[in-house]
Each structure stands twice: as structure tokens, then as C-alpha cells.
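Please read the points below alongside the sequence and the coordinates.

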Amino acid sequence: MSNRTFTMIKPDAVKNGHIGNILQMINAAGFRIIAMKYTRISLEQAGKFYEVHSARPFYGELTEFMSSGPIVAAILEKDNAVADFRTLIGATNPAEAAEGTVRKLYATSIGENAVHGSDSDENAKIEGDFFFNGLERF
Ligand code: ATP
Ligand code: MG
């Protein structure tokens, strides 16, 4: 099992001023930052990143939202990183997210849900490689 995951602080959380608080939670949960950037993706790039969801009814809404403003992208390291990070962020729908999770605290809706977390080791690698080259990892 890999010990890395990939995350984005999504445009809603950036716009609402939650970058600092979310990074603090990531740090307090014991994740080490391998790579990080403040950037913005185009509609086309968002479409590629979320290609796995292209048949879902919310695909257009999702890709428009993810390209609507800047995000923070990062590769994180910790034992059991993928599963532990998904525990930290909580359920996709903030109404169902556990108390104290990032989405419970900062998400506003199922679509605008503050953070992304990879769902498998394989996707963590694909997603990290989408944003970062070797020289951007420490
Ligand atoms: P993410 O992949 O962003 O970490 P997730 O793995 O919890 O989230 P997915 O099922 O992969 O959830 O959905 C990807 C994203 O698509 C969600 O985070 C959310 O922004 C959006 N989304 C999912 N379901 C819906 C829905 N029913 N309506 C609107 N947007 C949705
Ligand atoms: Mg997902």
C-alpha cells in the first residue's frame, strides 16, 4: 500500500477563506506535505481530471465549479494516507459528514464540498502526476 494521497482545496473553500484552517487540520492529522501549489485549472483540465465521472449528471456542474476559481493542490504523505485522509475530510455530502471533519466544518453542499481526496492508491498517483513534476516534490 502506498503512503501518499492527493488533495485539492476546492474553489468554494478558497473563496470562503478556509485555506489556513484546512491546512492546519491536515498538519494536525499528521500528514507531511510532499508538494503544494496555488493554481487554477481550466474547464478542459477539470474535465480531464474528473473524466471518470463524465457520464454522471453532475459532471458539467462539477467541472464548471472546479474551474471557477483558484484551488490549492497538494500531495500528502502518511501511513495509510488515502483512507486516513478520507476519514479526515468526511462524507461527500456535508449533511452526512461526521462531526469535526473538514466537510462538516467547511463544505456548503454536495457539489461545493471544500476538498478533494483521492479514492485509491492508483488514483492518488495519477492525480498527483496530473499537477506535479518530479522537481516540485520534496
Ligand atoms: P472527491 O472525489 O472530490 O474527493 P468524493 O470522492 O467524496 O469527492 P465523488 O463521488 O468522487 O465524491 O464525486 C466527485 C465530486 O463530484 C464530489 O466531491 C462533488 O464535488 C461532486 N458530486 C458528487 N456527487 C454529486 C451530486 N450528487 N451532485 C452534485 N455534485 C456531486
Ligand atoms: Mg472521488
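1. For what follows, a residue counts as buried when its relative accessible area is under 20%, as exposed when that area is over 50%, and as partly exposed in between. The model under discussion is a predicted one. By these cut-offs phenylalanine 130, with a relative accessible area of 29%, is partly exposed, whereas phenylalanine 49 is counted as buried at 10% relative accessibility.

2. Those two residues form an aromatic pair that deserves a look, because the ring centres of phenylalanine 49 and phenylalanine 130 lie 5.5 Å apart with their planes at 80 degrees, which makes the pair edge-to-face. Phenylalanine 49 belongs to helix α3 and phenylalanine 130 to helix α7, so that the pair joins distant parts of the chain, 81 residues apart.

3. A second pair is made by phenylalanine 131 and phenylalanine 132, whose planes stand at 45 degrees with the ring centres 6.4 Å apart, and it is therefore classed as tilted. Both partners are buried, phenylalanine 131 with a relative accessible area of 9% and phenylalanine 132 with one of 4%. In total there are eight aromatic pairs, and one aromatic cluster is formed by Phe6, Phe49, Tyr50, Phe130, Phe131 and Phe132.

4. The largest pocket holds about 720 Å³ of space. It is lined by 28 residues, and those closest to its centre are Tyr50, His53, Phe58, Leu62 and His116. Two or more lining residues come from each of α3 (43-49), α4 (59-66), α5 (81-89), β4 (115-117) and α7 (121-131), with α7 giving the most, namely four residues. Sorted by class, the lining of this pocket comprises eleven nonpolar, seven polar and ten charged residues.

5. Which residues does leucine 88 contact beyond its neighbours within four places in sequence? They are Met25, Ile26, Ala29, Phe31, Thr101 and Val102. Leucine 88 sits in helix α5 and, with a relative accessible area of 15%, is buried. Its C-alpha atom is separated by 21 Å from that of tyrosine 50, a residue 38 places away along the chain.

6. Asparagine 80, in the loop between β3 (71-77) and α5, has a positive phi of about 60 degrees although it is not a glycine. Alanine 114, in the loop between α6 (102-106) and β4, likewise has a positive phi, near 75 degrees, in a residue other than glycine.

Conventions. Residues numbered from 1 in each chain as written. Chains lettered and ligands numbered in written order. Predicted model: local features only at pLDDT ≥ 70, side-chain atom pairs only at ≥ 80, totals over all residues. Heavy atoms only, no water. 1 Å grid on protein atoms, 1.4 Å probe; cavity = no way out; pocket = protein on both sides within 12 Å on 5 of 7 lines; lining within 4 Å. Points joined across faces, edges and corners; volume = space filled by probe spheres on them. Nonpolar A, V, L, I, M, F, W, Y, C, P; charged D, E, K, R; others polar. Buried < 20%, exposed > 50% of the residue type's maximum accessible area, 1.4 Å probe, protein only. Contact = heavy atoms within 4.5 Å. Phe/Tyr/Trp six-rings, centres within 6.5 Å; stacked < 30°, edge-to-face > 60°.
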